[in-house]
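Please take a moment to look over the sequence and the model before reading on. The paragraphs below are meant to be read with both in view.

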Amino acid sequence: TTTADSMDRLPIMLHDFGYRGSSSVESAGIGGLSHLVNFEGTDTLAALDTAQHFYGEECAGFSIPATEHSTMTSWGRNGEPAAVRHMLETFPDGFLAIVSDSYDLFNMLENIIGKELKEKVESRNGCLVVRPDSGDPAQMVLKTLNILGERFGAKENAAGYKVLPDCISVIQGDGISYESIEKILSTMKENGWS
């Protein structure tokens with residue numbers, strides 16, 4: 001049973017971060033291009049090169065502006081709010097992803113994104129995508145959704161499941177497999193999230 005009102009965003013919702021776990025550039029290109037047969041989101045640049053080289057495809061996939069752990073930690077623990085503010089101001093429109101567990105995920109969600117910068121997040125012309133990463137994927141996604149739901153509110157969709165407002169979303173980047181995707185989705189559904 002689906003928990004979503006629409007599957008329209010599915011092609012961009014399963015995003016490929018596989019390059020960093022590949023054994024070679026060639027295997028990243030082949031594996032990443034396989035992902036792009038069914039989905040559009042990728043951070044695996046080798047897949048785009050492979051698509052262009054072998055198939056003449058100029059733009060086989062898409063990505064969004066996003067931080068990684070090194071770009072967040074370069075600001076230091078006390079600079080984390082400034083790092084998020086900088087990204088929100090640099091990219092005021094469209095999707096923007098922020099890795100959120102560099103120091104303390106819960107402080108990031110509750111105090112930085114959900115309090116200090118909440119108004120800035122809500123007033124953006126786009127969606128801030130929060131990336132929790134560390135820990136058990138199903139539990140971290142659930143905890144992240146619950147905190148963001150408390151801070152930003154959640155509405156019930158036509159299927160009867162909670163959804164965050166359009167200004168904020170969640171993506172899990174680490175620990176993703178067929179098994180973990182099933183566990184994440186079933187945990188979300190069991191707890192009333194779409």
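This is a predicted model: local features need pLDDT of at least 70, side-chain atom pairs count only at pLDDT 80 or more; totals for chains, interfaces and linings use all residues.

Residues are numbered from 1 along each chain as its sequence is written, and side-chain values use heavy atoms, with hydrogens and water left out.

Begin with the open sheet, whose three strands follow the order β1-β2-β5 with parallel pairing (strands are DSSP runs of E with at least two residues, helices are runs of H or I with at least four, and both are numbered from the N terminus; two strands pair if DSSP finds at least two bridges between them). At the edges lie β1 (93-99) and β5 (168-170), each of which pairs on one side only. Between β1 and β2 (residues 125-131) there are seven bridges, and A97 stands opposite V129 in β2.

Turn next to the charged side chains. Side chains of opposite charge can pair when their charged atoms come close. The whole structure contains six salt bridges, each being a side-chain nitrogen of Lys or Arg within 4 Å of a carboxyl oxygen of Asp or Glu. In one of them, E116 pairs with R85, and their closest N and O atoms are 3.1 Å apart. Because E116 belongs to helix α6 (residues 105-116) and R85 to helix α5 (residues 80-90), this pair ties together parts that are 31 residues apart in sequence.

Charges also sit over rings, which requires NZ of Lys or CZ of Arg within 6 Å of the ring centre and within 35 degrees of the ring normal. K118 lies over the face of F152, 5.8 Å from the ring centre, and the charged end of R131 is over the ring of F17, at 5.4 Å from its centre.
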